[in-house]
Amino acid sequence: MATLLEDLTKYFINCNLATEVGKDIWYDYDPDEPAQAIIIQEYDSKSNSVVCNDASVRYVQITARDVSSTWASSKAWQVYKYLMSIDNVIHLDNRWLMFSIKNSPIKIKTDSKQRIVYGFNLFMTTNFD
Amino acid sequence: MSIKITMDKMSEKQMLNNLTVMRSTVINSAQEGIETIGSGIINIADATCPENSGALKASIYKESEVDSNNVNCNVGYGGHYAKINPKTQESTDEYSIEVHEDLSGNSAKWFEKAFNTASEDADNVLVEIIRAALGG
């Protein structure tokens, strides 16, 4: 079974929000190049939500970056709006997940190569990898 | 066999008076409870907030208010309480989001974790304080 981030990445590609892993979207990895990129990462947080014995709550950050603030912002908003527009339960091949978006896209930083990074966070209840 | 229950006008007035007193007791103790939860968040956040110049850590705040429908406590960093970083002359508002959200940083999400941790026991804290105020 693929990891959560891998599954999410494939899902976004299937939804035409990105085209190919390693080309315009990455998971669990922040590549130095290219400038234009969507990056999906998991982060550690703390939750008291004990769900059941084969699922847990996980925290994910989705970012979009580019030297163009317009592209970074609009790509982050595109993904955000897509997730807002669907039912918050997603069924994939071997996974179900129920997500909740924590915030709308915000500018997170300008990196050392002058690329603007926009992003938002969500948490999700999903079955184990 | 039957039981007749009657509420006379005097009892009704007394009950209304009691409810009025009880309402303000509940609201006051709820505010105390919410502030206690807010202080819990601040205590945890203080211990985990990344520190360089100390300006960001010093910009934390807690504000409480009661309106007609809610008892509120806002806990956060910056805004009216933003500080100037003495090393860079930047306002903490200019970099607090990056420090919190940039996952490549060592202390990312410290405030979110503080909130989640303090929230675990929030219901119990609130119930205990309100119960104690009501003499329970």
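Is Cys49(B) buried or exposed? I looked this up first. Cys49(B) is buried, at a relative accessible area of 7%; buried means under 20%, exposed over 50%, and partly exposed in between, with a 1.4 Å probe and protein chains only.

**Ground rules.** I note that this is a predicted model, where local features need pLDDT of at least 70, side-chain atom pairs count only at pLDDT 80 or more, and totals for chains, interfaces and linings use all residues. Residues are numbered from 1 along each chain as its sequence is written, chains are lettered from A and ligands numbered from 1 in the order in which they are written, and side-chain values use heavy atoms, with hydrogens and water left out.

**Cysteines.** I searched for disulfides, meaning pairs of cysteine sulfur atoms within 2.5 Å. The count over all chains is zero. Cys49(B) is in no disulfide, and its nearest cysteine sulfur, in Cys73(B), is 18 Å away. Cys73(B) is in no disulfide either, and I found it buried, with a relative accessible area of 18%.

**Interface.** I then turned to where chain A meets chain B. The contact (heavy atoms within 4.5 Å) takes 16 residues from chain A and 13 residues from chain B. The buried area is about 1,200 Å², with 52% of it from carbon and sulfur atoms; this is the accessible area (1.4 Å probe) that the two parts lose on being put together, summed over both. Of the area that chain A buries against chain B, 37% comes from Lys46(A), Ile108(A) and Lys109(A), more than from any other three residues.

I looked for salt bridges, where a side-chain nitrogen of Lys or Arg is within 4 Å of a carboxyl oxygen of Asp or Glu. The interface has three salt bridges. In one salt bridge, the side chain of Lys109(A) meets that of Asp102(B) at 3.0 Å, N to O.

**Asn121(A).** Last, I checked one residue of chain A. What does the side chain of Asn121(A) make with the side chain of Glu101(B)? I found a polar contact at 2.9 Å. A polar contact is a pair of N or O atoms within 3.5 Å; within protein, one must be able to donate a hydrogen and the other to accept it, and residues adjacent in sequence count only if both atoms are side-chain atoms. The side chain of Asn121(A) also makes a polar contact with that of Gln61(A), at 3.3 Å. Asn121(A) is buried, with a relative accessible area of 3%. Not counting residues up to four places away in sequence, Asn121(A) touches residues including Tyr43(A), Ile101(A) and Lys109(B).
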